[in-house]
Amino acid sequence: MSKRLFNFCAGPAALPETVLQKAQADLLDWQGKGLSVMEMSHRSDEYVAIAEQAEQDLRDLLGIPSHYKVLFLQGGASQQFAQIPLNLLPEGGSADYIDTGIWSTKAIEEAARYGHVNVAASAKAFDYFAIPGQNDWQLSDTASYVHYTPNETIGGVEFNWIPEVGDKPLVADMSSTILSRPLDVSRFGLIYAGAQKNIGPSGLVVVIVREDLLGQARSACPTMLDYSVAAKNGSMYNTPPTFAWYLSGLIFQWLKEQGGLEAMETVNRRKQQKLYAAIDASALYTNPINPADRSWMNIPFRLADDRLDKPFLAGAEERGMLNLKGHRSVGGMRASIYNAVPEAAVDALVTYMAEFEKQHG
Ligand SMILES: *Cc1c(COP(=O)(O)O)cnc(C)c1O
């Protein structure tokens, strides 16, 4: 028997055990076909069926309208930072970006290589501990689109609302929040998400794009980065990340079995409430984020004395809780509690935090 510990990693993150078991059972001989999914031609009937089922399940989960394409691409969310302006920002054009932390800053820096970036709002004035309200945004008339990061994986701030941007396409980096609850996809021009947080394994980025935004890539855009080429070829212009796509499909099926995104929302709401309540009730742990803007998926917290970090992490590992160390730029701790992190993991963490506080507080 293998032992499965509680994994709070920010990414690549925990995957549901039953999904891994299914992949294991099918690893050598997929459904009696005598070969692994990893060894199949991406053009084979078997693989095309796997790929199409995964897309359909994702469409069902998110209620993706038919005038949106779903693309399964490589290069991670970071490549989207360039791919978005290459496709949506004409030469000499400008785009509005909202700065809420480290990931939005990376998106801004990359987009600035391709055109003018108007930082329409920044959380800097709040030390990145709060989301700037829409009333204070300086959106421009000339922007080709508005980009924001609904959940900042490192800082731990999250929008609990969708920005209103008129007829401009709203572009969202949903890497660490997609599928955590229902979403009105029709409010967006483009949604992208690196898979390794809340979708599946690394090596895959999912892009959901409204069809009217296709076909506008600038001439210097590499063929491989042109959304319309990917869309026309069913994300198989070249060899896609077949195994990551397949495994993500198993996750989509698992999410359906859990009751879909409404059910995930119920569990995720409870999980984050438990953890924030434990932090707020203690004298040892703090989370600096404005309560209305707290992330459901990534919860950073500090101990009152940095010297307790090491013993805290060591004790957590002894109890089977992995990867609670905070991001190097923030310090302290971070618990990432994505869909695949069971509520029992949060319960175990909360119990341990109280125990540790009793000993060291
Ligand atoms: C992890 C993450 C990224 C980077 O993803 P890669 O797939 O590693 O490029 C970008 N944005 C957000 C919000 C993330 O959480």
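Asp45 counts as exposed, because its relative accessibility is 68%; exposed here means over 50% relative accessible area, buried means under 20%, and partly exposed is in between, with a 1.4 Å probe and protein chains only. Before I go on, a word on the source. This is a predicted model, so local features need pLDDT of at least 70 and side-chain atom pairs count only at pLDDT 80 or more, while totals for chains, interfaces and linings use all residues. Residues are numbered from 1 along each chain as its sequence is written, and side-chain values use heavy atoms, with hydrogens and water left out.

Back to Asp45. This residue lies in helix H2, residues 45-62; helices are DSSP runs of H or I with at least four residues, strands are runs of E with at least two, and both are numbered from the N terminus.

Next, the nonpolar cores. By a nonpolar core I mean a set of buried Ala, Val, Leu, Ile, Met, Phe, Trp, Tyr and Cys residues joined through side-chain atoms within 4.5 Å. The largest one has 54 residues, and the residues with the most contacts inside it are Tyr47, Leu62, Ile178, Leu179, Ile208 and Tyr246. Helix H6, residues 242-258, gives the most to this core, with nine residues. Another core lies apart from it and has 27 residues, among them Ile299, Leu313, Ala340 and Tyr352.

What is Tyr47 in contact with, leaving aside its neighbours within four places in sequence? The partners of Tyr47 are Val37, Met40, Ser41, His42, Met236, Pro241, Thr242, Trp245 and Tyr246, where contact means heavy atoms within 4.5 Å.

Leu179, also on the list of residues with the most contacts in the largest core, sits in the loop between strand S6 (170-173) and strand S7 (190-194). Leu179 is buried, because its relative accessible area is 1%. Its phi is near 70 degrees, a positive value in a residue other than glycine. Most residues other than glycine have a negative phi, and most peptide bonds are trans.

Asn323 also has a positive phi, near 65 degrees, and is likewise a residue other than glycine. The loop that holds Asn323 runs between strand S11 (321-322) and strand S12 (333-336). With a relative accessible area of 41%, Asn323 is partly exposed.

On peptide bonds, the one joining Gly11 and Pro12 is cis, with omega about -10 degrees. Pro12 is in the loop between strand S1 (6-7) and helix H1 (17-25).

Now the ligand. Which residues come nearest to it? Of the 13 residues around the ligand, they are Ser78, Thr153, Asp173, Gln196 and Lys197; a residue is near if one of its heavy atoms lies within 4 Å. By class, this shell has three nonpolar, eight polar and two charged residues. Helix H3, residues 76-88, supplies the largest share of the shell, four residues.

A polar side-chain atom of Thr153 is 2.4 Å from an oxygen atom of the ligand. For Ser78, an N or O atom in the side chain is 2.6 Å from a ligand oxygen. For Gln196, the distance from a polar side-chain atom to a ligand oxygen is 2.9 Å. On its own the ligand has 390 Å² of accessible area, and the protein covers 87% of that, by the Shrake-Rupley method with a 1.4 Å probe.

Helix H3 also holds Ala77. Ala77 is buried, at a relative accessible area of 14%.

Val146 lies in strand S5, residues 143-148, and counts as buried because its relative accessibility is 1%. Not counting residues up to four places away in sequence, Val146 touches Asp96, Leu139, Val165, Lys168, Pro169, Leu170 and Val171.

Ser282 is placed in the loop between helix H7 (260-281) and strand S9 (285-286). Is Ser282 buried or exposed? Ser282 counts as buried, because its relative accessibility is 16%. The side chain of Ser282 reaches the backbone nitrogen of Leu284 at 3.2 Å; within protein, such a pair needs one atom able to donate a hydrogen and the other able to accept it.

Notes. Polar contact = N/O pair within 3.5 Å; in protein donor to acceptor, adjacent residues only side chain to side chain. Nonpolar A, V, L, I, M, F, W, Y, C, P; charged D, E, K, R; others polar.
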